[in-house]
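User: I would like to learn how to read a few features of a protein model, step by step. Could we start with contacts between charged side chains?

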Amino acid sequence: EAQIARASNTPDYELIDPARHVTTALIYPKKTLNYIIAILAGLVLPFVIIVLGDFLNMKITSKKEIENLSSLPIIGHVFHNDTKNKIVISEATNSPISESFRSIRTNLQFYSRGIDKQVILITSSYSGEGKSFIAQNLASVFALFGKKTLLIGFDLRRPKLYQDFNLSNKTGISTALINKAAISEIIQPTLIQNLDFISAGPIPPNPLELIASEKTDQVLSELRKIYDYIIIDSPPVGVVSDAYLLMKYSDVNLYTVRQGFTNKEAFTTNTKHMLQKNIPHVSIVINDVKARGMLYDYGYEYTYYAEEKKKSWYDIFRKKKRKTSPAKNKKNKVKS
């Protein structure tokens, strides 16, 4: 019984060699394997995320995408508007966004080819892309250049442009087209010198038929004799066909693309339709460009115009150091 009790208390293992610090080795975790997994995950996961993000993104985000999707020339770009004002030309004359409109004005002069007067039509794929914003600021920049300019709100279905100028919409282009008002009665002066405005007027039941009538040709022919530049804010081409009817009266057609907003498929479809209809002088304006995130395309120009506004503490320190350095050099010369 004593032997049986002893055998039951004996362990089932036997100490052969005691543990020593010299023979220790790390079994887990395996550092080499972890480093390899971390490196592969750091390279593969961002690549997969970027590829999937680009594949699933249906919005135009860069200038290169526009160049790949269409052969139409890009006449200029407009930076993001940080203010609440829609007419930015008269508010901040030296801002980057004002300079971008001046650049577009300069590029438009290449289309004139010796013609003193121009009719410029502005459209887009859908509403919300900033075509009205482009129209009113482009008209303002021509007016400030000393040119007699007229802005026409030709969106007869949704007239809104008159609200930005705090003007009336009781009479406008629609009343002139149905012979209820003379041209002189629908022209309204604005607070900007050399800039007049014609509102869309009351919403007609047949806007497409009014634009296609011969009265439109007569009205625009009379306005050409009065003004140097006529800017037409037309409806979006991706919604209605009003803009296509107005394009036969324009010398230059600007297609507005908003960065991060315009749909790629809609942009491709509308630009193909313009090329198929042989519409001349169609150029693209990129709106709402956030330049700080696109240094290669726009960043240098943005910082060139904005460098006087925002200076870092390092620039201020260097400026103070330059002011104090001549006095120190003079003192050292006297001592020598």
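Analyst: A salt bridge is a side-chain nitrogen of Lys or Arg within 4 Å of a carboxyl oxygen of Asp or Glu. This is a predicted model, in which local features need pLDDT of at least 70 and side-chain atom pairs count only at pLDDT 80 or more, while totals for chains, interfaces and linings use all residues. Residues are numbered from 1 along each chain as its sequence is written, and side-chain values use heavy atoms, with hydrogens and water left out. In this model, the side chains of Arg-157 and Asp-242 form such a bridge, at 3.0 Å from N to O. Arg-157 sits in the loop between S3 and H6 and Asp-242 in helix H11 (residues 242-246), so that distant parts of the chain, 85 residues apart, are linked; helices (H or I, at least four residues) and strands (E, at least two) are DSSP runs, numbered from the N terminus.

User: How many salt bridges does the structure hold, and which residues are linked in a network of them?

Analyst: There are nine salt bridges in the structure, and Arg-258, Asp-288 and Lys-290 are linked in a network. Asp-288 meets Arg-258 at 3.2 Å, N to O, and Asp-288 also pairs with Lys-290, where the closest N and O atoms are 3.2 Å apart.

User: Is Asp-288 buried or exposed?

Analyst: Buried means under 20% relative accessible area, exposed over 50%, and partly exposed in between (1.4 Å probe, protein chains only). Asp-288 has a relative accessible area of 8%, and therefore is buried, whereas Lys-290, at 42%, counts as partly exposed.

User: What should the 14 residues of H5 span?

Analyst: The expected span of a helix is 1.5 Å times one less than its number of residues. For H5 this gives 20 Å, and its end C-alpha atoms are 20 Å apart, which agrees. H5 is also mostly covered, since 12 of its 14 residues are buried.

User: Which elements give two or more residues to the lining of the largest pocket?

Analyst: On a 1 Å grid over the protein atoms alone, a pocket is an open set of points where a 1.4 Å probe fits, with protein on both sides within 12 Å along at least five of seven lines, and lining residues have an atom within 4 Å of a point. The largest pocket is lined by 39 residues, and Lys-86, Gly-128, Gly-130, Ser-132 and Phe-133 lie nearest its centre. The elements that give two or more residues to this lining are helix H5 (131-144), helix H6 (161-164) and strand S8 (282-289).
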